[in-house]
Structures are given as structure tokens and as C-alpha cells.
Amino acid sequence: MVQEVAFSSNQDMDLALKDVFGQLKRSPDLCTAVIFFASACYNFPELAKRIREHFPKSQVLGTSTSGEISSEGFSKKSLVVTTLTDNVTMVSGVIFDDTDKFPIVNKSKIAEAAKKVGITLGQNGANHDAFALTFINGLCNAEESTMALLNAVIGDKDFIIAGGSAGDDLEFKQTYVSYNGEVVSRGAAVLFFKTKKRFIIKRENIFAPSGKRMRLSDVDIESRTIKTINGQSPRKMYAKTLGITEAEAQNAALQHPMGRAYGEDVFISSIANFNPDGSIGMYCRVLPNSEVELMNPLDPIKIADETCASFAKEIFRPGCVLLVNCILRTIGFEQKHLTTQVAAVWKKYFPVFCGFSSYGEQMDRLNFNQTLLAIVIEA
């Protein structure tokens, strides 16, 4: 697979599009798929329409972001467009709205898009050569319902569905996703890949379990709010378990998120805020009577190098690299002045790459936070 990446920091949409279209050398008629990542500073519906018009023969997927990633490193208020070209890869997409309310009505649309590229439904292990890239609106708490719907339609427990939640530059007003120029703000856009090229999809975790556990005794699932921990004030119990004062809890949240264990894997659940009543708002769904563990930070540069080295051992010539990096990771890197170093590690291993800072990450039927999701396809 051949990937081209174009970047523009121009906040004028017309000039940004002129920049990126001028950087891309391959003819628009030859591109198999086009994926774009756009800051909330642009008129997203108009942007999606214009990019689709430029690539009328390609499958075009897009998302609004809270930061963009390209060979320029981490950026803000920018536009990144990547084209993917390959004659042994088929792609087909679908977009649907209101997945937080009526997900089942989209079942037939999803099945049709998957079948269009030859994905077999309802058979475990039948799709080793296929996966789905998802962009889900990030402010309607629809990630879990969307993943459940997609997995139910595909019906193959080995099929990989992976992606991220759309952002809006931390404004928390409205996020967008698009497919072939159509835009929704309470749904999801999905691009199915079926390819003869080898691909690997992995999560990178920069936290380790601390051994300090808590039981979530009362939870509002829909609003993702922890109301009590061990029957007491969540803020008080979080601080007590961590060994800090309640006043220090908010500042500790970024470095000590909660973790959920599934077998040997740990998935991060990040704290959104400590409410005045002592309850805790979360960025992904938590369940009553479930146990979580507070996490400790690891060296992100060391972990990044280990992650990239593991890809290099399995795919000698990466042709396409897509990165979904949680916005909370990005903020943490910025606070420690590590964004340049992290990007330098990616440049060391990958000749080309791009992605975005997301409001959440999804894979393995789960929604989680503070994680890097990487998709690497061989050249």
C-alpha cells in the first residue's frame, strides 16, 4: 500500500485545501481511499464536501479532531489529508446517525457495506484479511453502543474493529464524522478494509497497575458518573486510595487514571472531572459493582520505542500508518514537553504516518482512554 500525507496549518479553509491538494502527487482518480483529520476551526460539513469533490472515485472518511498528527509531528488548528492507494485492497464505507438512540435501524446498512468488499458475516475466523476503521462522534456517549452494533452485525469474534472518537479542539460543543461528503454529529462513520497486504493493529499503554483497587458501588451508566466508591464519596476515596488530599485529586487524575482488567489486558478509563458533590465524571462507560485499579505512569518515550520496534519485527516495510492518540495523552506529553520526542520515535520507524488526537479509542469491543491505537499496513 502506498500512503501520501499532506498537512496545512492554514486556518483559512480554501487556502488549507489548496495546500494539501498541491502536496499530494498521486492522481485523485487512482486513490483507493482518502482519510482526513480536521481541526474544529474549519467548517467541517463544507470541508467534507470539498474533499469528496476532489476525490470523486475514492472512498473518503473524515473526522473532526482535538489535534492532528503528521510528519510535522503534533499540531493544532490544522488539516491533515492522507491518500491510500493499493490494487489488492478493497474498501467500502457506511455512515449512520443517532447511534446513541436507535442503533439497530442501521444494521442493514452496515451489513451491506461489509458484504460489498467480501466480508463474511456471522462466521468466526472468516475474515483474517479484513478489518474496520471507525470514527465515532465523541460527545454523545455512543461509543459502546456503536461497537456493540458493529460486532453484532459482523458476528466474527476475531474481526478487528478499531478507531477513535471525534474531537472538537476541547470545546466540547459538537464533533463530526463524515463518509463520502455526508456528515453526522451523533453517529459514526466506518470504512471496511479487505486486503492481501499484511496488517497489524495494536494498542499502546503507558500506564502500569499500582495494586491500589477500588469498587464502584453506585454508578450512573448513561452519564458515565461514579456516584459512590465503596459506599463513600468518590473524590474522597480516590484521594485516600492514592494517598493524597482531596484538593490534589484533580491534578492527579491525568497521571493516575483508572484501569479495567480483562484477562491480562488493562484498559484505561480516564477521569473527566470531579463534580462539586464529590462524584466523578468519566470519559468512558463504567459499571456498578465493578473493580478498578489506579494506574501509575511509565516512561512514554521508552514505551513508544518498544511499540514501534514490535511493529518493525512483523512488518519490514510499512506502507501505511494510522495513529489514534488520546487527547489526554497529548496533553500529558505537552505538560512534560515530550511531543517532539514522541514524534521523533515515530519518524525513526515509519517513513510516513498520520492520525489525530481523539476523545476516546475503541478496539476489542471496548471503549477506553489515554491509549495509542496504531494501524500499520505493509507497503
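These legends go with a few close-up views of a predicted model.

View 1. For orientation, L170 sits in the loop that runs between β9 (160-165) and β10 (177-179). Is L170 buried, partly exposed or exposed? Its relative accessibility is 39%, so L170 goes down as partly exposed.

**View 2. The largest cavity.** The structure has 3 cavities of 30 Å³ or more, and the largest of them holds about 110 Å³ of space. Its lining is made up of 13 residues, and I206, F207, Q255, G332 and K336 are the ones closest to the centre. Which helix puts the largest share into this lining? That's α8 (residues 327-335), with 4 residues. Sorted by class, the lining of the largest cavity comes out as 8 nonpolar, 3 polar and 2 charged residues.

**View 3. The second largest cavity.** Here the volume is about 50 Å³. Around the second largest cavity you'll find F172, Y283, C326, I327, L328, Y359 and N369. What does that lining look like by class? It has 6 nonpolar residues and 1 polar one, with no charged residues.

Notes. Residues numbered from 1 in each chain as written. Predicted model: local features only at pLDDT ≥ 70, side-chain atom pairs only at ≥ 80, totals over all residues. Heavy atoms only, no water. Helix = DSSP H or I, 4+ residues; strand = E, 2+ residues; numbered from the N terminus. Buried < 20%, exposed > 50% of the residue type's maximum accessible area, 1.4 Å probe, protein only. 1 Å grid on protein atoms, 1.4 Å probe; cavity = no way out; pocket = protein on both sides within 12 Å on 5 of 7 lines; lining within 4 Å. Points joined across faces, edges and corners; volume = space filled by probe spheres on them. Nonpolar A, V, L, I, M, F, W, Y, C, P; charged D, E, K, R; others polar.
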